Amino acid sequence: MKATIWHNPACGTSRKTLAILQDTPGIDLTVVEYLKHPYAADKLRQLFAAAGLAARDALRLRGTDAEQRGLKDADEDVIIAAMTANPAYVERPIVETDKGVRLCRPQDRVHEIL
């Protein structure tokens with residue numbers, strides 16, 4: 001099974017999710033360090049749609065200035081534009097497999113798509 005994780009190595013939950021993926025037999029894993037290789041707006045829209053999330057649901061407030069910038073109450077297009085300009089605004093980790101997409105907080109949510 002193919003799996004892609006949008007990973008932040010500084011995040012404990014992201015590291016734990018990555019470890020689950022690495023320890024699962026039969027996973028062809030792609031790791032995207034999204035702070036180095038930011039999301040495209042179309043990819044974010046596709047991931048959110050597949051995960052059943054609105055951009056607001058995946059907006060990282062903790063450790064960012066997103067709330068101060070008014071993103072918490074912004075519309076979808078504004079939030080996605082901010083996320084593409086500053087990928088730290090995207091909550092992590094997001095995992096995509098052949099079975100679906102999940103925002104893996106907590107990390108055990110990854111099992112739903114393995």
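# Buried charges, cores and rings

Me: Glu91 and Arg60, are they buried or exposed?

Reply: Glu91 is buried, and Arg60 is buried as well; please keep in mind that this is a predicted model.

Me: How much relative accessibility does Glu91 have?

Reply: Glu91 has a relative accessibility of 14%, and it counts as buried because the limit for that class is under 20%.

Me: OK, and what does Glu91 form with Arg60?

Reply: Glu91 and Arg60 form a salt bridge, in which the closest N and O atoms are 2.5 Å apart. Glu91 sits in the loop between H3 and strand S3 (94-97), whereas Arg60 sits in the loop between H2 and H3, so the pair ties together parts of the chain that are 31 residues apart in sequence.

Me: Which side chain meets Glu91 in a salt bridge at 3.5 Å?

Reply: That is Arg105, with 3.5 Å from N to O. This pair also links distant parts of the chain, since Arg105 belongs to the segment after S4 and Glu91 to the loop between H3 and S3, 14 residues apart. Arg105 counts as partly exposed, at 29% relative accessibility. Taken together, Arg60, Glu91 and Arg105 are linked in a network of salt bridges.

Me: How many salt bridges does a search of the whole structure find?

Reply: The search finds nine. One of them joins the side chains of Asp28 and Lys2, at 3.3 Å from N to O. Asp28 is in strand S2 (residues 28-33) and Lys2 is in strand S1 (residues 2-7), so this pair ties together parts that are 26 residues apart in sequence.

Me: Where do Asp28 and Lys2 stand in relative accessibility?

Reply: Asp28 counts as partly exposed at 42%, while Lys2 counts as exposed at 53%.

Me: Switching to the nonpolar side, which residues have the most contacts inside the largest core?

Reply: Those are Tyr39, Phe48, Met83 and Ile94, in a core that has 22 residues. Helix H2 (41-51), helix H3 (76-85) and strand S4 (100-103) each supply at least two residues of this core, and H3 gives the most to it, with four residues. Another core, of 10 residues, lies apart from this one, and its members include Ala3, Ile5, Cys104 and Val110.

Me: Back to Tyr39, what is it in contact with beyond its neighbours in sequence?

Reply: Leaving aside residues within four places in sequence, Tyr39 is in contact with Trp6, Tyr34, Leu44, Leu47, Thr84, Pro87, Val90 and Ile94.

Me: How many aromatic pairs are there?

Reply: The count comes to two. Trp6 and Tyr39 make a stacked pair, with 6.2 Å from centre to centre and 25° between the planes. Trp6 is in strand S1 and Tyr39 in the loop between S2 and H2, so far as the sequence goes 33 residues apart. Trp6, Tyr34 and Tyr39 form one aromatic cluster.

Me: Last one, Thr17: where does it lie, and is it buried or exposed?

Reply: Thr17 lies in helix H1 (residues 12-23) and is buried, with a relative accessible area of 0%. A polar atom of the Thr17 side chain lies 2.8 Å from the backbone oxygen of Thr13. Not counting residues up to four places away in sequence, Thr17 touches Ile5, Pro93, Val95, Cys104, Gln107 and Val110.

How values were computed
Residues numbered from 1 in each chain as written. Predicted model: local features only at pLDDT ≥ 70, side-chain atom pairs only at ≥ 80, totals over all residues. Heavy atoms only, no water. Buried < 20%, exposed > 50% of the residue type's maximum accessible area, 1.4 Å probe, protein only. Polar contact = N/O pair within 3.5 Å; in protein donor to acceptor, adjacent residues only side chain to side chain. Contact = heavy atoms within 4.5 Å. Core = buried A, V, L, I, M, F, W, Y, C linked by side-chain atoms within 4.5 Å. Salt bridge = Lys/Arg side-chain N within 4 Å of Asp/Glu carboxyl O. Phe/Tyr/Trp six-rings, centres within 6.5 Å; stacked < 30°, edge-to-face > 60°.
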